[in-house]
Amino acid sequence: RQMCIRDRLRTAINTFLSELPEKKRILFLRRYWFLQPVKEIAKDYGITEKTASMRLARLREKLQQYLQEKELI
């Protein structure tokens, strides 16, 4: 049973990420998969750390809503 939930969660996250525009997907992955510092990401994107943090917060909120809709959380 646990594997089924984990597989469903993995699939849902992959689907969510695949539906994001490329820049947003890369931003999300750099922070949460590659664990890059917000400061480094902001510099590479040419934005402030505050702007980068806000964009990441919005993406986390969207992911949370998506997972709730799929009844995974």
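**Figure 1. The whole chain.** Buried residues make up 25% of the 73 residues in the protein chain. Buried means under 20% relative accessible area, exposed means over 50%, and partly exposed lies in between (1.4 Å probe, protein chains only). This is a predicted model, in which local features need pLDDT of at least 70, side-chain atom pairs count only at pLDDT 80 or more, and totals for chains, interfaces and linings use all residues. Residues are numbered from 1 along each chain as its sequence is written, and side-chain values use heavy atoms, with hydrogens and water left out. The protein chain has four helices and zero strands. Helices (H or I, at least four residues) and strands (E, at least two) are DSSP runs, numbered from the N terminus. The pattern along the sequence reads α-α-α-α. The C-alpha trace spans about 45 × 20 × 20 Å along its principal axes. Take the contacts in the protein chain with a separation of 6 or more: residues 24 or more positions apart account for 51% of them. Contact means heavy atoms within 4.5 Å.

**Figure 2. The largest nonpolar core.** This core has 16 residues. Phe16 and Leu67 are those with the most contacts inside it. Helix 1 (2-19), helix 2 (22-32), helix 3 (38-45) and helix 4 each supply at least two of the core residues. Helix 4 gives the most, with six residues. A nonpolar core is a set of buried Ala, Val, Leu, Ile, Met, Phe, Trp, Tyr and Cys residues joined through side-chain atoms within 4.5 Å. In soluble globular proteins, nonpolar side chains tend to be buried together. Leucine 67 touches Leu9, Ala12, Ile13, Leu72 and Ile73, when residues up to four places away in sequence are not counted.

**Figure 3. Helix 4 from end to end.** The 21 residues of helix 4 should span 30 Å at 1.5 Å a residue, and its end C-alpha atoms are 30 Å apart, which agrees. The expected span of a helix is 1.5 Å times one less than its number of residues. Buried residues of helix 4 are Ala52, Leu56, Ala57, Leu59, Leu63, Tyr66 and Leu67. Alanine 57 belongs to helix 4 (residues 49-69). Alanine 57 is buried because its relative accessible area is 17%. Between alanine 57 and arginine 31 there are 26 residues in sequence and 11 Å in space, C-alpha to C-alpha.

**Figure 4. An aromatic pair between helix 1 and helix 4.** The count comes to two aromatic pairs. Phenylalanine 16 and tyrosine 66 form a tilted one, at 5.6 Å centre to centre and 50 degrees between the planes. Phenylalanine 16 lies in helix 1 and tyrosine 66 in helix 4, so this pair ties together parts that are 50 residues apart in sequence. Rings of Phe, Tyr and Trp (its six-membered ring) pair if their centres lie within 6.5 Å; planes under 30 degrees apart count as stacked, over 60 as edge-to-face and the rest as tilted. Phenylalanine 16 has 6% relative accessibility, so it counts as buried. Tyrosine 66 has 13%, so it counts as buried.

**Figure 5. An aromatic pair within helix 2.** Phenylalanine 28 and tyrosine 32 form a tilted aromatic pair, 4.9 Å centre to centre with 55 degrees between the planes. Both lie in helix 2, four residues apart, about one turn of the helix. Phenylalanine 28 is buried, with a relative accessible area of 8%. Tyrosine 32 is partly exposed, at 32%.

**Figure 6. Arginine 30 and the buried side of helix 2.** Leu27, Phe28 and Arg30 are buried in helix 2. They cover an arc of only 165 degrees around the axis, which puts them on the same side of helix 2. The arc is that of the directions from the helix axis to the C-beta atoms. Arginine 30 has a relative accessible area of 15%, so it is buried. Its side chain makes a polar contact with the side chain of aspartate 44 (2.5 Å). A polar contact is a pair of N or O atoms within 3.5 Å; within protein, one must be able to donate a hydrogen and the other to accept it, and residues adjacent in sequence count only if both atoms are side-chain atoms. Leaving aside neighbours within four places in sequence, arginine 30 is in contact with Leu35, Gln36, Glu40, Ile41, Asp44 and Tyr45.

**Figure 7. Two residues with positive phi.** Leucine 35 lies in the loop between helix 2 and helix 3. Its phi is positive, about 55 degrees, although leucine 35 is not a glycine. Leucine 35 counts as exposed, at 64% relative accessibility. Glutamate 71 sits in the segment after helix 4. Its phi is near 60 degrees, a positive value in a residue other than glycine. Glutamate 71 counts as exposed, at 68% relative accessibility.
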